[in-house]
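Below are my notes on the ligand site and one of the sheets. Please read them with the structure open.

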Amino acid sequence: MEKDKYTYKVVIVGGGPAGIATAITLLSKGIDCCVVEAHKTPIRKSGEAIPPNAKPLLKQLGILSLVENEKHKVYYGNKSCWGSDILEQKEFIADKFGHGFLLDRLYFETQLQDLYKNTNASFYSGYKLKKVVSNEKEVSTTIENDSETIKLKSNFIVDATGRKASVCRHLGVQKETLDSQFAITFNVKISNNIPNEISVEATKNGWWYVAPFTENEITMMFFTLKEIIPDKENIEIFLQKELQTTIHLSKIIKNIKIETIKIMPAGTSCLQIPYGKNWLAVGDAAYSFDPISSYGITSALASGFYGGHAVADYLNGKEEALEVYRYVMENAFQAYLHKLIAHYEVEKRWKQSYFWMNRLEMLKTKC
Ligand SMILES: Cc1cc2nc3c(=O)[nH]c(=O)nc-3n(C[C@H](O)[C@H](O)[C@H](O)COP(=O)(O)OP(=O)(O)OC[C@H]3O[C@@H](n4cnc5c(N)ncnc54)[C@H](O)[C@@H]3O)c2cc1C
């Protein structure tokens, strides 16, 4: 392939945790790559909890010090009302890895992108993917921003675009959606003291997730099925009613004003095969997880790490490397599905409710 300033061994589309982990892994293996990211500057995304057992991976990726920054909080446990009316406390004190992290997600995304930018490798921020054409010899990727269109040439492309798996869609590869769970997320200010822990509480129509955001602000998420979510104008009343049905959260979170809400898919989805000729998918683009697992960010970083190694080996002539990546990722995904189903099956209080009756149907067909 003829080398010009827009030619790379690997083009990575998506500058989130999976894309940056892939890029720093490839660069550490001496593989020239670039990252294309749709947003000019990092945006705040949903998801902030990193469990204690993610620490060895963070260390191996060389980013443990990033999450130890004072902008992020440590957290020592979860409170969970799930399967019975009792609020159970799970302390990490007994965990061999100690505490987990509650990320300032915007700051974390900035830290990751800064880490990559410091390598001086190319970073096309503010550019969206327009077209991907892959043939035997090379991949041609067209990206654009408001003022220009650029054609990148590479031997390989990595899809790190998150749940939408945009590169795969351009290549005609569809992701399989295993359930229609959605999240309704919002932040609220509260006056009482906020402990550094996550609270989860199941209700008839779904489940709540509450995490501290700042000194006097919390992030709240209600997870339910798409079919249960009312029209926009009725959402606030719906959420207030849902909060009233909680046994524990309603005692500490009272008279809240719900302002800006976001609604987004938050179920499980996957690619049948996370790679093809000249391409590989990492992070949510390959496998998206139910946030009850707190697995998304760690898995995105892990798949970037293992995916980066697989791509480097493949480009160095090890044909089997991509299939090995698939084997590892698929087995991890199967283990996740089994744990997820077991977790939802614990909740038997609302056997006739639409949410709990329909929660696991599609997931079970994949195990
Ligand atoms: C409601 C909710 C709560 C969650 N809570 C948690 C949690 O507590 N803990 C946890 O570990 N995980 C959680 N997650 C999941 C976690 O946020 C994701 O798994 C994680 O962000 C995946 O990282 P990624 O790099 O694969 O994708 P993303 O973080 O989505 O990054 C993809 C990047 O690609 C860019 N991009 C997309 N399309 C294009 C395009 N066409 N051209 C160029 N760039 C593009 C995007 O701008 C984005 O920056 C939660 C998810 C949701 C929805």
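1. A polar contact here is a pair of N or O atoms within 3.5 Å; within protein, one must be able to donate a hydrogen and the other to accept it, and residues adjacent in sequence count only if both atoms are side-chain atoms. A polar side-chain atom of aspartate 284 is 2.8 Å from an oxygen atom of the ligand. Of the 1,000 Å² of accessible area that the ligand has on its own, the protein covers 90% (Shrake-Rupley method, 1.4 Å probe; for residues, only the protein chains shown count as cover).

2. The model is predicted: local features need pLDDT of at least 70, side-chain atom pairs count only at pLDDT 80 or more, and totals for chains, interfaces and linings use all residues. Residues are numbered from 1 along each chain as its sequence is written, and side-chain values use heavy atoms, with hydrogens and water left out.

3. The ligand is surrounded by 37 residues, the closest being Glu37, Lys45, Arg105, Asp284 and Ile297 (near means that a heavy atom of the residue lies within 4 Å). By type, the shell divides into 19 nonpolar, 12 polar and 6 charged residues (nonpolar: Ala, Val, Leu, Ile, Met, Phe, Trp, Tyr, Cys and Pro; charged: Asp, Glu, Lys and Arg; polar: the others, Gly among them).

4. Elements supplying at least two shell residues each include helix 1 (17-28), strand 2 (33-37) and helix 8 (296-315). Helix 8 gives the most, with 3 residues. Helices (H or I, at least four residues) and strands (E, at least two) are DSSP runs, numbered from the N terminus.

5. An open sheet of 7 strands has mixed pairing and the order 6-5-14-15-16-13-17 (two strands pair if DSSP finds at least two bridges between them). Strand 6 (88-91) and strand 17 are the edges, each pairing on one side only. Strand 17 runs antiparallel to strand 13 (residues 181-189), joined by 4 bridges; alanine 183 has methionine 264 of strand 17 as its bridge partner.

6. In strand 14 (residues 198-203), 6 of 6 residues are buried (under 20% relative accessible area; exposed is over 50%, partly exposed in between; 1.4 Å probe, protein chains only). Ile198, Val200 and Ala202 point one way, and Ser199, Glu201 and Thr203 the other.

7. Strand 14 is joined to strand 5 (residues 77-81) by 4 bridges, in parallel, with lysine 79 opposite serine 199. Strand 15 (residues 206-214) runs antiparallel to strand 14, with 5 bridges, and the two form a hairpin with 2 residues between them.
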